[in-house]
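Subject: Structure handover

Hello,

Here is the structure you asked for. My notes follow below it.

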Amino acid sequence: MINFNFENYTKLIFGKDKELTVGQEVKKFSNKILMHYGGGSIKNSGLYEKIVASLKEANVEFIELSGVKPNPRLSLVREGIELVRENKIDFILAVGGGSVIDSAKAISLGANYDGDVWDLFEKGKNFEGSCVPLGVVLTIPAAGSETSGGTVITNEDGGYKRSTGHRTMRPQFAIMNPELTYTLPDYQTACGACDMFAHILERYFTNVENVGLTDRLCEGAMKNIIENAKKVLENGNDYAARAEIMLSGTIAHNDSLSMGRIGDWASHDIEHELSGIYDIAHGAGLAIIFPAWMKYVYKHDINRFAQFANRVFDVEIDLKDLEGTALKGIEALKNFFKEIGLPVTLEDANISDDRLEEMAEKRTENGTVGNFVKLNKEDVLNIYKIAIK
Ligand code: NZQ
Ligand code: ZN
């Protein structure tokens, strides 16, 4: 285990009807806020009215910015930054999923930054100041952005999807009522399950030794996602299963599973090129890329892959053929993604192979990706090729 600091200050407010407390929670920070949301799901579900009523009851003034798209766009972030500055807003409330939260985070970062916010993504510039504080009402368990210190934004100019983080970017609170996820289409539920699973895998595949506790925690969390993802897809109103999945999404990405480890993150980086160019849902992109990445790198540590197969998918360990055990684990993961209705190849997602070279080039223009195995352009291209069919 390596040395680490763990800090995650986001307050979780979890359970039935908790969204009704949003006015009180916001009031602790501000009397005038920006309320940020997506394309309409919160109006269709009736959540919007509840939030507005709670804010009014707490005498919190709010202006609204809606229209966040999945794979949130830089142009709306820039609009939000202007709104926050013009109206002297000192708190942002994100109501929605990872895209809404990430857009709110980028606004909260850019509003106090004396320059173009994209520089903080693309050029990796440092920002010494603080973000405008924000809070979240979560409607889809997936990205884990409700407690993470990062944001991922797409610049429409060139189709660049890039991330950045800041020590003050974690939300102050995250309101999480599993009932708010009953209205999710099955496909979004499945994409969310894959994304949270991938957040654990990124942490699981590490070169750091003696990480027994976090290995076991990762494996338990993955097994629990497999079990409950199937349950929520059978019955979308199963509160117990929805609650398990919602909490899993947070645990997967709140950094508790990466204590003392170094994660990989190549699959996320490689997927972001797909989302950036083809606007595919991030979780679906990961269902295609992760098994391909595994097939490409498993020989780097066959024991770890065999352990994954055995402990997560109950594949019997064959001591005479550990490679076979490892490969069965990768196949089992692919089958799980298929079973919950996700594409597992580029062909499944109707993505042709004519821009693979371009994506590999873009991804590696600032150097290699990944930590478990460091991948150059050729490697990334090979992974895209494995993912074709
Ligand atoms: O826009 P609305 O109308 O709200 O519809 C959304 C959207 O179309 C819909 N939806 C959300 N809650 C719903 C609902 N529909 C019905 N009922 C509900 N309760 O679902 C669609 C997808 O929403 P989105 O926010 O895009 O999904 P998700 O939470 O999966 O977020 C994905 C984004 O998060 C980024 C991804 O890259 C992607 O852009 N990530 C952010 C991370 C972070 N900041 O730490 C980490 C992750 O790795 C991830 O990369
Ligand atoms: Zn992700």
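The charged end of lysine 362 sits over the ring of tyrosine 160, 4.4 Å from the ring centre. Lysine 16 is placed over the face of tyrosine 239, at 4.5 Å from the centre of that ring. The rule for a charge over a ring: NZ of Lys or CZ of Arg within 6 Å of the ring centre and within 35 degrees of the ring normal.

Ground rules: this is a predicted model, where local features need pLDDT of at least 70, side-chain atom pairs count only at pLDDT 80 or more, and totals for chains, interfaces and linings use all residues. Residues are numbered from 1 along each chain as its sequence is written, chains are lettered from A and ligands numbered from 1 in the order written, and side-chain values use heavy atoms, without hydrogens or water.

Now the metal. Which residues coordinate the zinc ion (ligand 2)? They are Asp195 (OD), His199 (NE2), His268 (NE2) and His282 (NE2), at 2.0 to 2.2 Å. Donors are N, O and S atoms within 2.8 Å of the metal (3.2 Å for Na, K and Ca); water is not among the atoms, so sites may look incomplete. Along the chain the donor spacing is D-x3-H-x68-H-x13-H. Aspartate 195 and histidine 199 share helix α7 (residues 186–204), 4 residues apart, about one turn of the helix. Helices are DSSP runs (H or I, at least four residues), and strands are too (E, at least two), numbered from the N terminus. Both aspartate 195 and histidine 199 are buried, meaning under 20% relative accessible area with a 1.4 Å probe, protein chains only (exposed is over 50%, partly exposed in between).

Next, aromatics. The whole structure has 20 aromatic pairs. Rings of Phe, Tyr and Trp (its six-membered ring) pair if their centres lie within 6.5 Å; planes under 30 degrees apart are stacked, over 60 edge-to-face, the rest tilted. Phenylalanine 197 and phenylalanine 336 make a tilted pair, 5.8 Å centre to centre with 45° between the planes. Phenylalanine 197 is in helix α7 and phenylalanine 336 in helix α13 (residues 322–339), so this pair ties together parts 139 residues apart in sequence. Phenylalanine 197 and phenylalanine 336 are both buried. Phenylalanine 205 and tryptophan 293 have ring centres 5.7 Å apart and planes at 65°, so that pair is edge-to-face.

Last, cysteines. The disulfide count is 0, a disulfide being a pair of cysteine sulfur atoms within 2.5 Å. The sulfur of cysteine 218 is 16 Å from the closest cysteine sulfur, in cysteine 194, too far for a bond.

Best wishes
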